[in-house]
Amino acid sequence: MSENKQTPPTVKDTTKKSANVNKALQSFSSRPSVEPPKKSKNWVSLVLLPIVIALGLYFMIQLVSDINKAEGTWSINDLISNINVKYLFVMFAAIIFVMLLESVKYLIVTHAVTGKLRPLDSIKVAFVGKYYDDITPFSAGGQPMQIVYLHKKGHSTGTSSAIILIKYFIQMMCWVSICFFLMILNRGVLDKYVTGELYGIPTKQMLVIAGWIGWAVNAILPCSIVFFAIFPKFTNKVLEGCINIVINISWRAANRRERKTGKSQHGRKIKLIRRKRKWIDNANSAVADFRSSFIVMAHKPLHFISLVVSCIAEQLVTWAFPFIVLIAFDKGFVPSAEIALAIMALNVYTAMTVTVVPTPGNSGLMEIVMGVALSAILGAASVWVLVGWRMSTYYIYILIGMGITIFEFVRKLVRNKRESLKPVAVPINAEAESTTADKTDETK
């Protein structure tokens with residue numbers, strides 16, 4: 001019997017997977033070229049950063065000043081005498097652990113996309129993202145600056161976008177899911193621990209209503225993208241219908257203004273038509289990036305599982321930070337799993353409640369709402385726990401980001417100076433030609 005020579009199934013499967021992954025990565029290459037922010041807009045960050053730091057310091061000082069007003073709260077001497085040294089080391093270890101996990105996420109995705117391990121770049125891009133997320137409203141500045149940073153490090157536009165967006169989509173899905181389960185499975189903590197009022201509103205009702213509204217706002221993007229990916233035709237029609245409603249309202253407003261003022265609104269109407277096309281294109285682009293991200297990671301199951309585990313672990317530890325700080329600052333407190341879950345749930349409710357606050361890092365209202373939500377659990381140590389929690393999860397990244405920015409700036413200046421001091425090398429042929437020319441001139 002003659003045997004037909006066929007390509008082994010494993011080779012075919014591998015080839016097909018490689019083709020799918022390459023096709024998915026090519027979709028990121030169609031994005032516009034990456035360019036650093038214009039120098040004319042640098043003043044925004046220069047003005048915004050001091051405001052963020054000033055707000056943070058102001059509310060920290062306000063919290064500490066409450067020590068002298070409120071009865072039963074600890075002084076600085078009380079805090080020092082109650083510190084649990086063993087758990088204080090645990091707190092510092094948790095800070096480093098979260099930072100490492102954040103860097104590991106980029107390390108995993110970079111290896112999945114490029115096949116290379118770049119630990120130093122992964123650490124830097126993690127801190128760049130945290131820094132710009134923390135100093136911009138709604139955490140909108142992290143991803144663009146990370147893409148710019150990776151592009152400067154030699155990655156192509158497609159590769160830079162792929163690394164950042166794959167991590168972003170998967171982390172967003174994990175984040176929304178964890179928040180949902182912590183809120184839905186720990187509803188009893190609101191009845192048990194939350195009392196009093198905030199700005200004349202019962203704190204419990206405010207956390208429930210505003211918390212779930214905030215969760216819905218955060219879940220809109222990932223849920224919409226998933227619906228687009230699963231039901232593309234139906235979701236496109238819904239999106240187009242919503243956009244048409246907005247455009248029609250704006251169009252009628254333009255017509256009323258035209259009749260009232262007698263001035264033509266033709267330019268405004270043209271902008272509305274272009275805006276509709278732009279919105280639809282942006283939505284389709286986001287869906288394409290989402291699909292491509294999961295195609296890449298679906299063909300890298302070990303990378304995908306590692307990334308999901310890293311995202312879940314990092315987020316759970318982050319939500320548990322007030323509990324970790326509490327057991328470090330109060331040696332008389334008896335830790336338990338019930339209290340840990342209660343604090344994590346109240347932390348999530350607080351974060352979701354202030355999610356629409358446009359200040360960077362939700363500074364201001366975040367500290368106030370968290371202080372009210374956890375006052376019954378934290379007791380006399382509440383002010384110091386809140387300060388330790390915000391320093392460990394927010395302000396530390398601003399300080400590190402500022403350090404990285406200053407370091408990169410100084411290093412660039414040093415490199416430029418070294419380049420300018422280097423002697424200009426003259427090619428040998430050029431020297432020979434110059435000598436020949438001189439001899440010719442002398443002969444003449």
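Author: What follows takes the labels one by one, each with its value and its definition.

Author: The model is predicted, so local features are given only at pLDDT of at least 70 and side-chain atom pairs only at 80 or more, whereas totals for chains, interfaces and linings use all residues. Residues are numbered from 1 along each chain as its sequence is written, and side-chain values use heavy atoms, without hydrogens and water.

Reader: Why are H4 and H7 called oblique to each other?

Author: Two packed helices are described by the angle between their axes and the distance between the axes. The axes are lines fitted to C-alpha atoms, for helices over the stretch in contact, and the angles run from 0 to 180 degrees between N-to-C directions. For H4 (residues 85-114) and H7 (residues 157-184) the axes come within 9 Å and cross at roughly 130°. Angles under 35 degrees count as roughly parallel, over 145 as roughly antiparallel, 65 to 115 as roughly perpendicular and the rest as oblique, and H4 and H7 are therefore oblique. On the H4 side the contact includes Glu102, Lys105 and Tyr106, and on the H7 side it includes Thr159, Ala162 and Ile163. By class, this contact has seven nonpolar, four polar and three charged residues, with Ala, Val, Leu, Ile, Met, Phe, Trp, Tyr, Cys and Pro taken as nonpolar, Asp, Glu, Lys and Arg as charged, and the others, Gly among them, as polar.

Reader: What makes H4 and H13 roughly antiparallel?

Author: H4 and H13 (residues 321-329) pack at an angle of about 155°, with their axes 7 Å apart, and this angle is the reason that the two are called roughly antiparallel. Tyr87, Leu88, Met91, Ala94, Ile95 and Val98 of H4 meet Phe321, Ile324, Val325, Ile327, Ala328 and Phe329 of H13, a contact of 12 nonpolar, no polar and no charged residues.

Reader: Which term describes H15 relative to H16, and why?

Author: The axes of H15 (residues 365-378) and H16 (residues 382-421) come within 10 Å and cross at roughly 130°, which makes H15 oblique to H16. Their contact involves, among others, Met366 and Glu367 of H15 and Trp389 and Arg390 of H16, and its residues divide into seven nonpolar, two polar and two charged.

Reader: Is Ser160 buried or exposed, and which residues does it touch?

Author: Ser160, which lies in helix H7, has 0% relative accessibility and therefore counts as buried. Leaving out residues up to four places away in sequence, Ser160 touches Ile147, Leu150, His151 and His155.

Reader: Why is Arg118 called partly exposed?

Author: Arg118 has a relative accessible area of 26%, and is therefore partly exposed. Arg118 is found in the loop between H4 and H5 (119-135), and, apart from its neighbours within four places in sequence, is in contact with Leu107, Lys153 and His155.

Reader: What makes Trp74 count as buried, and where is Trp74 found?

Author: Trp74 counts as buried because its relative accessibility is 12%, and Trp74 is found in the loop between H2 (42-69) and H3 (76-82). Trp74 and Ala381 are 307 residues apart in sequence, yet 6.1 Å apart in space, C-alpha to C-alpha.

Definitions and conventions: Helix = DSSP H or I, 4+ residues; strand = E, 2+ residues; numbered from the N terminus. Contact = heavy atoms within 4.5 Å. Buried < 20%, exposed > 50% of the residue type's maximum accessible area, 1.4 Å probe, protein only.
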